Amino acid sequence: MTLLIAFLSVAVLSVSGLFGGGEAEAKAAAGVSYSQDIQPLLQRSCQGCHQPSSRQGGLDVTNFENLRTGGQHGASFVSGAPERSLLLAHLTGDREPRMPLGMPPLDASDIELFRKWIASGARDDSSEMATRLAGGKPPVYRQPPVITALAYSPDGGTLAVSGYREVLLHRDSDSVPDARLVGTADRIQSLGFTADGKTLMAAGGRPASFGEVQFWDVESEQLRRAVRSCHDTLFGASLSPDGTRVAFGCADHTVRIVEVATGKELLKMSHHENWVLGTVFGVDGKRIISVGRDRAAKLVDATTGAFIENVNLLKGELTAIARHPSRETVAIGGEDRTPFLYRVDKAAKMLIADSTNLLHELEKHDGEIFDLAFSPDGKTLAVSGASSRVPLYDVESGAASGACDAGHQGIYAVAFHPQGGRLAMGGFDGNVRICELDSGRTVSEFIPVPIQETLVSSR
Amino acid sequence: MRAAFAAALWTVTGAAVLGAGTPAAAGEEIREIRVEPSPLVFSGPGSVRRILVTGITAEGERRDLTAKATYEDPAGLVEAQGQGYIHPKDSGETTLRVTAGAFGVDLPVRIEPAAERATTFLKDVLPVINKVGCTQGICHGAAKGRNGFKLSLRGYDPRFDYQSLLYDMSGRRFNRADPGQSLMLAKPTQEVAHGGGLRLKRDSRYYDTLLKWISDGVPFGEESADKVRRLEVLPQEVFLTAPGQRQSVVVLAEYEDGSLRDVTREAHLGSSNTEAIAVSDGAVVQGERVGEGALLVRYEGQFVTVPVTVLNPSSGFEWSPLPQYNYIDRLVDGKLERIRVQPSPPASDSDFLRRVSLDLTGRLPSPEEVRAFLEDPADRQEKRTRAIDRLMGSDAYVDHWTLKWGDLLRNNRKFLGHKGIWSFQEWIRQSVAQNKPYDQLVRELLASKGSTGENPAVSYYRVARTPQDAMETTTQLFLGVRMVCAQCHDHPFERWTQDQYFQMAAFFSAIGIRPGFKSGEEIVYEKRQDAELKHPKDGRVVEPEYLVPVEGAPALESEGDQRPALVEWLTSKKNPFFARAVANRIWSYFFGRGIIEPVDDIRASNPAANAPLLDALAQDLKDHDYDLQHLMRTIVESRTYQASIQTNAWNENDGINFSRRIPRRLSAEQLADAITAATGSRVEFETVPDDSRAAQLPDPHVENGEFLDLFGRPQRDQPCECERKSDMSLSQALNLVNGPTVGRAVADPEGRIASLILGGASNRELIEDLYLSTLSRPPTEPEYVSAALLFEERESRAGTAQDLLWALLNSNAFLFNR
């Protein structure tokens, strides 16, 4: 679908390029899309050298913001004025050196696309296009996709499971999804329902390409809005308790907060020094705690974006964070395999990044930690990671209180049933397993997508 | 005429018809061609194999024709893709016609039916990610990875890499639902931004391998089947008769399940000596310059080295045999003749005496000793043997080797305190003086316990205080094996693994050190608690395990100090490293270079210059129950040791085969003592007995040692031969020319010149004595005449004598052991 549109618009443009002027051109010019036409060209011909890890000329073209900012010679384009835009001058060779450097110049029709896109205002239409393109044909699976996110609806009646380019809604435990919410993000990293159960938030994207957060109307199964952000998948997205905002981490070291109702970016915070992989709002929604590869759990004012303090003593890289349902207590975990329970607010005057707030250091997990979850009553913490065993801990004492067997190594997502008693688990092998907490028994197990047997898979 | 024309054409195009058996002046005559491997068997239509085509010349020399030959299969079952690579298209049997010049060979080919097997990480994928460079030290193989993605260095830890690729970041790097969209494919093909650039093309075999693996469900594979057991390289030795010649190679991997795969294109090929040997991308070895080295082949944790020789192409080499005094000469000559190097004849008597005195005792012979030796009318070898006996029995011999062992065992007050260095030095001295068998010496050190006062051998553990340090020291000193790389990751150029590092260290985990009853004393004891070593990766207790199995070594127990077992294993005559390592080390003290160099870095990728020689020395040492004096005597009695520094046209470029004497600068202590002896002066080192020579100092922290430090005295911080520096620098030269050491010694009012003049020596006697005391030989007649002229022209005899002595001390003939 995506390809088809891109192809069509190119075809239309090259025709208009030949004949020049007229109605066709005007129509085509209006139709040049950043996400469908410009971004693929940048990706193919420019970003080898103009990317975060090698910003030649100070320029990074991997995301719209940085493209607009430009490099050491200034902004890449002047909206509405292609003749004054550096980007175009370098592509045509009007300005030395001609780009792409050391390669044949772009086709005239491709350069024309850039010209028209800038002339028509150089808009970033990624979010719009992502919204418009949703609801396409569901993918066909020959092997189960890795499960990266799970969420129960507040009434417990629906389990949302991440698929490939889609979210699957299951009301029964079987391989026939009750709804398939197809979008444009290859990977869904996080899922969450608003408290009223009406909206489903799904965040993810395509690795090393774009991030996207989607808001689905649960009842109509329609996408209300998709918002594109960052140049890689979005990580550790979380909804504010009142369901009005969503926060997520980015590979560009930022934490961003987006308004659910409008898709507007409310805040962009740069307190971390590496990828941000997890976020969670405080009980009252006024603060936010984020974790990432820089090993820090940072407490930040969610209204102003002001940094308050580090919650933890820095150890290994952090992947996961979860908050107690009613208390300002968080569980964090990651590379160093130890789950920690921290109080968010300091009990005493603390030094920078010390362990004053530490409540419990739990048993070392058998492998890296990928996800953490508190039970709805706040009494139990589930820890999932590289191991196939998902241990449970008593939050009050920090003592082990049981375990679920997830059947396979690599458990990326766990979710407690809102009525308690059950834990859904999913990960590497693509199976969803539901564990009964009291017995630790797997009560149901299913592949959440229909698998099509073909000759190809036996190759 | 026609033949000559054809021969010329042959060399240019390699395709002309050659008149058989016709001598050729311009080109070379090929008598036959050989194709290997034969028959050629493919494990399935998907596999590729390389064949080697070799022409044999009239002289019996090999010429690589792989690239020039043409390959044709009339049945069309296989297809040649250049450089000898053959691609099968289907299963079946056929005959491949290989044609080179006038010769053709029919190679039987069989292609087995396609085997039903999934692409696995171990066998198929890891070699690709190693080959395209993902696991390089500057990329994701770096200790901290790169951009959040970490792989093990050169893929030494397949489990880790598998986890990293698949499990990290909730499986973001692969896409089972849509394999072609996997990040691990998009990154190296640069479809998305990749800091490492383009590593893989969409339409490549490697890309297909990765894609198929993901489509197959990313299986890891079975270690019992998919791990490489052994590598084989064809040819097993490369002999190039001139620089510029090339040789294609084939690398075959044999897997644990017995299957075989041609991995020529995936294996890592390198050269141990890039000046002489180049290795190009197409798995071709090319001679750059006359010399030797090895082709180093590495693939999935296995290593093979292939010796490569580039011969001197000049015509007219004729081996002229020299006398062979013992087996050393036979083995050295054996190699030299083969590689067309003519050794130098024995050195003169005076050169020999100076050399052997320095090498055995660290001292110059006195003028009296030189005179007596030169005047001795006995047969050359007889009197040389007598001189060797005398030197080996001297006190200076004991001083010299005590110093050497003091260096290696790090006798240093930093570790042992003021008292400790003296008692340890005395222990070493006694061991040298009684020529303690080497295995016994090592046993006493390694099995030592008790207090410093009772048993100075415990100093070994007071210096190497942790299990890791004790293990690294022990393996480097006594086995010539450097384990230090394996502390953090499997050794990149050896088979040693990180597990082995800790298993060996575990032998030393029960050693405890506590303060003794007297001040400055420490007691080495066996710990009963906390005596276990834990693996840093997962904290599990590591049980000791021998580095390599040795027949007859004691079985290890999990309780108690296992050092006695380690000592048995280490010093066993069946231990493949122990005798070789010390033989190589001792050899290097007499030649300035080991047969394996560096001497304490013995590994598969660092081959011996003459393996039979090293084996023979090691065997000789074992046959004589580790009698080091016997080994030294055998070495210095050889013609190889006694060779002159004069070169000839055939050996002037040889620096590694002991075909001539290579001069080397006197060591720091030798130089200081030689200056003192030559000038008859005295040096006062503080806090040591009066008139101590530099060679007798207990450790490097004696005051007044700046001169010694300048000339590269080791600081005894590491158990490495590399600590001693033998380089030459401008500051050294300036110090000799202008510095106080030589200046004061020359002008010493109680020195040699003063006593000669006061003793009424004539000018001739004076000049002769100064030459003898510095260069260990009388002056030649022209030297005498020019020196005598100086004395006639100038007023002050003492001043003139001092100038002459100063000039002699600054001459290379003095500064070098030659």
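Reader: How many helices and strands does the secondary structure of chain B come to?
Author: This is a predicted model, and the counts refer to its coordinates. The secondary structure of chain B comes to 31 helices and 27 strands.

Reader: What box do the C-alpha atoms of chain B fill, taken along the principal axes?
Author: Chain B has 818 residues, of which buried residues make up 43%. Among its contacts between residues at least 6 apart in sequence, 60% join residues at least 24 apart. The C-alpha atoms of chain B fill a box of roughly 100 × 85 × 50 Å.

Reader: What is the mean pLDDT of chain B, and where does pLDDT stay under 50?
Author: The mean pLDDT of chain B is 91, with 96% of its residues at 70 or more. Where pLDDT is low, the predicted coordinates should not be read in detail. That caution bears on a segment for which the model has 39 contacts beyond four places in sequence. The stretch of chain B with pLDDT under 50 is residues 1-26.

Reader: How far apart do the C-alpha centres of domain 4 of chain B and domain 5 of chain B lie?
Author: The domain assignment of chain B gives domain 4 as 411-571 and domain 5 as 668-711 + 728-818. Six residues of domain 4 of chain B are in contact with four residues of domain 5 of chain B. By class, the domain 4 side of this contact in chain B has two nonpolar, three polar and one charged residues. The C-alpha centres of domain 4 and domain 5 of chain B lie 43 Å apart.

Reader: Is helix 17 of chain B largely enclosed or exposed, and what does it pack against?
Author: Helix 17 of chain B covers residues 498-505, and six of these eight residues are buried, so the helix is largely enclosed by the rest of the structure. The buried residues are Gln498(B), Tyr501(B), Phe502(B), Gln503(B), Met504(B) and Ala505(B). In chain B, they pack against helix 16 (467-479), strand 24 (533-534) and strand 25 (541-542).

Reader: Is Pro88(B) buried or exposed?
Author: Pro88(B) lies in strand 8 of chain B, residues 85-88. Leaving aside neighbours within four places in sequence, Pro88(B) is in contact with Phe42(B), Pro45(B), Leu77(B), Val78(B) and Ile111(B). Because Pro88(B) has 25 C-beta neighbours inside 10 Å, and the cut-off is 20 or more, Pro88(B) counts as buried.

Reader: Why does the radius of gyration of chain A agree with a compact globule?
Author: The C-alpha trace of chain A spans about 75 × 55 × 40 Å along its principal axes, and buried residues make up 50% of its 459 residues. For a compact globule with 459 residues, the radius of gyration would be near 23 Å. Chain A agrees with this because its own value is 24 Å.

Reader: How far apart do the C-alpha centres of the domains of chain A lie?
Author: The secondary structure of chain A comes to seven helices and 30 strands. Chain A is divided into domain 1 (2-124) and domain 2 (141-458). The C-alpha centres of domain 1 and domain 2 of chain A lie 37 Å apart.

Reader: Which residues have the most contacts inside the largest nonpolar core?
Author: In soluble globular proteins, nonpolar side chains tend to be buried together. The largest nonpolar core here has 129 residues. Apart from it lies another core, of 123 residues, with Val332(B), Leu353(B), Val442(B) and Val582(B) among them. In the largest core, the residues with the most contacts are Leu150(A), Val330(A) and Val414(A).

Reader: How many residues of chain A are in contact with chain B, and what ipTM does the model score?
Author: In this model, 28 residues of chain A are in contact with 20 residues of chain B. By class, the chain A side has 13 nonpolar, eleven polar and four charged residues. The model scores pTM 0.77 and ipTM 0.85.

How values were computed:
Residues numbered from 1 in each chain as written. Chains lettered and ligands numbered in written order. Predicted model: local features only at pLDDT ≥ 70, side-chain atom pairs only at ≥ 80, totals over all residues. Contact = placed C-beta atoms within 7 Å. Nonpolar A, V, L, I, M, F, W, Y, C, P; charged D, E, K, R; others polar. Domains from an automatic or database assignment. Helix = DSSP H or I, 4+ residues; strand = E, 2+ residues; numbered from the N terminus. Rg over C-alpha atoms; globule rule 2.2 N^0.38 Å. Buried ≥ 20, exposed ≤ 12 C-beta atoms within 10 Å, placed from the backbone. pLDDT = per-residue confidence, 0-100. Core = buried A, V, L, I, M, F, W, Y, C linked by C-beta atoms within 7 Å.
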